[in-house]
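Please examine the structure shown below before reading the briefing. The points that follow are grouped by topic.

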Amino acid sequence: MNNCICYIGRPSYQKNTLFLIDIVDAVCKVLPEIKFLLLGVGYYSPELEQVEAKIKELRVSENIELKPWLSHDETLRIVKNSMFYLTVARYEGLPLSVIEAMSLGKAIIASDVVGNKDCVVQDYNGYLLPLDVQIFSEHIIKLVNNKKLRAKFETNSRKLFEEKFLIDNRIAELEKIYRGI
């Protein structure tokens, strides 16, 4: 799975899966060996038929695999073994999948939207990008081809996770606040 890029999200408007297929097409014209895994294609996937039709239309079925709901452990194993984590969501709350990818020390390429901005620091643990196929594909290709940069982002992702999201650290911060009152 070393040549796989992972995204978790049901085929839906929010998760912007049709846009993802355009990115797969653009990236695989340059790097045909790259595979994308879309995890979480489950019971509620309102755009699944459109996504499958677009995959067929663009002839990228060899480059993207739609995976059904998996156990949490299996999902984390797949994310851990991927090159990096990708999200192209139109909007997010606090994206748990991004936080989990950070906990695994994965570099992140994310849409520049609320929620993702709480997790990704531009050029530190990944990229926050506008929803533009060319910009996303260029950054994906850059990160695929630059192992040193990817390793830097991975280290920083884990560090940022520990600083901002590790529960023990959050509890300690809350205790400081309460003691100061």
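This briefing moves from the whole chain to selected residues. The model is predicted. The protein chain contains seven helices and six strands, and its radius of gyration of 17 Å agrees with the value near 16 Å that a compact globule of 181 residues would have.

**Overall fold**

- From the N terminus on, the elements of the protein chain follow the order β-α-β-α-β-α-β-α-β-β-α-α-α.
- The C-alpha trace of the protein chain spans about 60 × 40 × 30 Å along its principal axes.
- Of the contacts in the protein chain between residues at least 6 apart in sequence, 69% join residues at least 24 apart.

**Surface, burial and charge**

- Buried residues account for 48% of the 181 residues in the protein chain.
- The protein chain has an accessible surface of about 9500 Å², and 53% of this surface belongs to carbon and sulfur atoms.
- There are 24 positive and 24 negative side chains in the protein chain, and the centres of these two sets lie 4 Å apart.

- Tyr 127 lies in strand 6 and Phe 153 in helix 6 (residues 147-164), and the pair links distant parts of the chain, 26 residues apart.
- Both Tyr 127 and Phe 153 are buried.

**Residues with positive phi**

- Arg 59 is not a glycine, yet Arg 59 has a positive phi of about 60 degrees.
- The location of Arg 59 is the loop between helix 2 (48-58) and strand 3 (64-68).
- Is Arg 59 buried or exposed? Arg 59 has a relative accessible area of 75% and is therefore exposed, because the cut-off for exposed residues is over 50%.
- Asp 123 is likewise not a glycine and has a positive phi of about 65 degrees.
- Asp 123 is found in the loop between strand 5 (108-111) and strand 6 (126-129).
- With a relative accessible area of 42%, Asp 123 is partly exposed.

- Glu 92 is located in the loop between strand 4 and helix 4 (96-103).
- Glu 92 has a relative accessibility of 14% and therefore counts as buried, since buried means under 20%.
- Which residues does Glu 92 touch, not counting residues up to four places away in sequence? Glu 92 touches Gln 14, Lys 15, Thr 87, Val 113, Val 114, Gly 115 and Asn 116.
- Glu 92 and Leu 128 are 36 residues apart along the chain, and their C-alpha atoms are separated by 13 Å.

Methods:
Residues numbered from 1 in each chain as written. Predicted model: local features only at pLDDT ≥ 70, side-chain atom pairs only at ≥ 80, totals over all residues. Heavy atoms only, no water. Helix = DSSP H or I, 4+ residues; strand = E, 2+ residues; numbered from the N terminus. Rg over C-alpha atoms; globule rule 2.2 N^0.38 Å. Buried < 20%, exposed > 50% of the residue type's maximum accessible area, 1.4 Å probe, protein only. Contact = heavy atoms within 4.5 Å. Areas by Shrake-Rupley, 256 points an atom, 1.4 Å probe, with all protein chains shown as cover. Lys, Arg positive; Asp, Glu negative; His and termini not counted. Charge placed at Lys NZ, Arg CZ, Asp CG, Glu CD.
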